[in-house]
Amino acid sequence: MGFRNLEWALIARIMLLLITMSIPAFVVAQGWSEALVFWLPVFVFQVLDLLRFLRKTQTEFNQFIQSVHYRDFSRHFDVQQAYTQLQPLRKGFNEINSTFKTITLEKETQYHNLQKVMELVETGILSYYMENGEVVLMNESLRKLLHVPFTGAAPATTALI
């Protein structure tokens, strides 16, 4: 159907389905019950088309949830080809994906910068969890000073020693 408005497209499908469902009463009243053989495929097609139509938004929402779950923010939802009512939803999905992608890149850049600083600084630096005292990161200068082998963990809280 060529409707751009979601509600009108849905109303049109429901109206066609109602018309299709009223045909058997008319056909039987006229004594043409053999014609019902042709009616059944049309009815099945309309029901399946309505289900496909309604599941489209649900599928896109599930795809978005999966992309967030698996941190795959490369998914792009086409706003121009969507029904008018779905355009804000798709635009919102694209903005959220873009924001997550930017945050992830910033976080990776900060981590790499921290790693570079940790390599270059000659002062001993220790990173640990405040709650339990577990050492998370120690730079090479402190390792040499304390004669500790490399453990390669991620940074948490940083303190100068």
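Trainee: Is R71 buried or exposed?

Mentor: This is a predicted model. Relative accessibility is the value to read. Exposed means over 50% relative accessible area. R71 has 68% relative accessibility, so R71 counts as exposed.

Trainee: Where does R71 lie?

Mentor: R71 lies in the loop between α2 and α3.

Trainee: What is the phi of R71?

Mentor: Start with the general idea. Most residues other than glycine have a negative phi. Now the case here. Phi of R71 is near 55 degrees, a positive value, and R71 is not a glycine.

Trainee: What about H147, and where does H147 lie?

Mentor: H147 lies in the loop between α4 (140-146) and β3 (157-160). H147 has a positive phi of about 55 degrees, although it is not a glycine. H147 is exposed, because its relative accessible area is 71%.

Trainee: Let me step back to the whole chain. How many helices and strands does the chain have?

Mentor: The chain has four helices and three strands. Read from the N terminus, the elements run α-α-α-β-β-α-β.

Trainee: How do I read burial for the chain as a whole, and what percentage of the residues is buried?

Mentor: Buried means under 20% relative accessible area. Of the 161 residues in the chain, 22% are buried. Turn to the surface next. The chain exposes about 11,800 Å², and carbon and sulfur atoms supply 64% of that area.

Trainee: Which residues make a nonpolar surface patch?

Mentor: W8, I11, I14, M15, L18 and M21 make a nonpolar surface patch of about 620 Å². Take M15 as an example. M15 is found in helix α1. Its relative accessibility is 47%, so M15 counts as partly exposed.

Trainee: What share of the contacts joins residues 24 or more positions apart?

Mentor: Take the contacts in the chain with a separation of 6 or more. Residues 24 or more positions apart account for 46% of those contacts.

Trainee: Now the aromatic rings. How many aromatic pairs does the structure hold?

Mentor: The general idea comes in two parts. A pair of aromatic rings is described by the distance of the centres and the angle of the planes. The structure holds six aromatic pairs. In one of them, the rings of F26 and W32 have centres 6.2 Å apart and planes at 80 degrees, so the pair is edge-to-face. F26 is partly exposed, with a relative accessible area of 48%.

Trainee: Where is W32, and between which helices?

Mentor: W32 is in the loop between α1 (6-30) and α2 (36-69). At 46% relative accessibility, W32 counts as partly exposed. Leave aside its neighbours within four places in sequence. W32 is then in contact with F26 and V27.

Trainee: Which residues do ring pairs link into a cluster?

Mentor: Ring pairs link F61, F64, F77 and F93 into a cluster.

Trainee: How do I read the accessibility of F61 and F93: buried or partly exposed?

Mentor: Use the cut-off again. Buried means under 20% relative accessible area. F93 has 5% relative accessibility, so F93 counts as buried. F61 has 42% relative accessibility, so F61 counts as partly exposed.

Notes. Residues are numbered from 1 along each chain as its sequence is written. This is a predicted model: local features need pLDDT of at least 70, side-chain atom pairs count only at pLDDT 80 or more; totals for chains, interfaces and linings use all residues. Side-chain values use heavy atoms; hydrogens and water are left out. Helices (H or I, at least four residues) and strands (E, at least two) are DSSP runs, numbered from the N terminus. Buried means under 20% relative accessible area, exposed over 50%, partly exposed in between (1.4 Å probe, protein chains only). Contact means heavy atoms within 4.5 Å. Accessible areas come from the Shrake-Rupley method with a 1.4 Å probe; for residues, only the protein chains shown count as cover. Patches are made of residues with over 30% relative accessible area and no salt bridge: like charges are joined within 9 Å, nonpolar side chains (Val, Leu, Ile, Met, Phe, Trp, Tyr) within 5 Å. A salt bridge is a side-chain nitrogen of Lys or Arg within 4 Å of a carboxyl oxygen of Asp or Glu. Rings of Phe, Tyr and Trp (its six-membered ring) pair if their centres lie within 6.5 Å; planes under 30 degrees apart count as stacked, over 60 as edge-to-face and the rest as tilted.
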